[in-house]
Amino acid sequence: MFAFLNNARSTDMPVTEAVAKAKTGEIVLIDIREPMEIAHSGKAKGAIAIPTAALRMRADPSSPECLPELKQGKPVCVYCASGARSSMAKGMLSKMGHEVHNIGGLGHWVQAGGPLEK
């Protein structure tokens, strides 16, 4: 009945692959959670913190405030607390022309062996 939901996820990068690619700098990793969430739990090592409200301004290559990391053409992996907000962010980033993957929530990152930083 909800097979369309599974199809949307099928194009996403496995979290274990994202962990490996983050270590080698092959991807740009974005944490879209709010600053208070990050202060409470930390974030994935090497992730750029861009709250959802600032995503359009900081990630759109046509914006003068676009971060340099997002102008390099590298694949982008996004995560949040559970994967819901990062799913919405994936759609927004895709419309901006980024190759983007939703890797779910911070817990998925940790389960896959991804390191954290405070």
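1. Helix α2, exposed side. In this predicted model, Thr-16 and Thr-24 of helix α2 are exposed. Directly after α2 comes Gly-25, which has a positive phi, near 75 degrees.

2. Helix α2, buried side. The helix spans residues 15–24, and Val-15, Ala-18 and Val-19 are buried in it. These three residues are on the same side of α2 because they cover an arc of only 105 degrees around the axis. The general rule is that an α-helix has 3.6 residues a turn, so residues three or four places apart point the same way. The cover over the buried residues of α2 includes β4 (76–80), β5 (100–105) and α6 (106–111).

3. The sheet. Four strands form an open sheet in the order β3-β1-β4-β5, and their pairing is parallel. The edges are taken by β3 (48–49) and β5; each has a single partner strand, so one side of each is left without a neighbour in the sheet.

4. Strand β1 and its partners. Parallel pairing joins β1 to β4 over four bridges, and Cys-77 in β4 is the bridge partner of Leu-29. With β3, the parallel pairing of β1 runs over two bridges; here Ile-30 stands opposite Ile-48.

5. Strand β5. Although β5 stands at an edge of the sheet, six of its six residues are buried, so the strand is largely enclosed by the rest of the structure. Between β4 and β5 the chain passes through helix α5 (residues 84–95), and this β-α-β crossover is right-handed. The two strands pair in the parallel sense over four bridges. On β5, Gly-105 is the bridge partner of Cys-80, and Asn-102 is that of Val-78.

6. Asn-102. This residue belongs to strand β5. Is Asn-102 buried or exposed? Its relative accessible area is 6%, and the limit for a buried residue is under 20%, so Asn-102 counts as buried. A polar atom of the Asn-102 side chain lies 3.2 Å from the backbone oxygen of Gly-83.

7. The largest nonpolar core. This core holds 18 residues, of which Ile-30, Ile-50, Leu-55, Leu-70, Val-76 and Leu-93 touch the most other members. Two or more residues come from each of β1 (28–31), α4 (55–59), β4 and α5. The element that gives the most is β4, with three residues.

8. In the largest core, Ile-50 is one of the residues that touch the most other members. Leaving aside neighbours within four places in sequence, Ile-50 is in contact with Ile-30, Asp-31, Ile-32, Leu-55, Arg-58, Leu-67 and Leu-70.

Conventions
Residues numbered from 1 in each chain as written. Predicted model: local features only at pLDDT ≥ 70, side-chain atom pairs only at ≥ 80, totals over all residues. Heavy atoms only, no water. Buried < 20%, exposed > 50% of the residue type's maximum accessible area, 1.4 Å probe, protein only. Arc of directions from axis to C-beta. Contact = heavy atoms within 4.5 Å. Pairing = 2+ DSSP bridges. Right-handed = clockwise from strand over helix to strand, strands pointing away. Polar contact = N/O pair within 3.5 Å; in protein donor to acceptor, adjacent residues only side chain to side chain. Core = buried A, V, L, I, M, F, W, Y, C linked by side-chain atoms within 4.5 Å.
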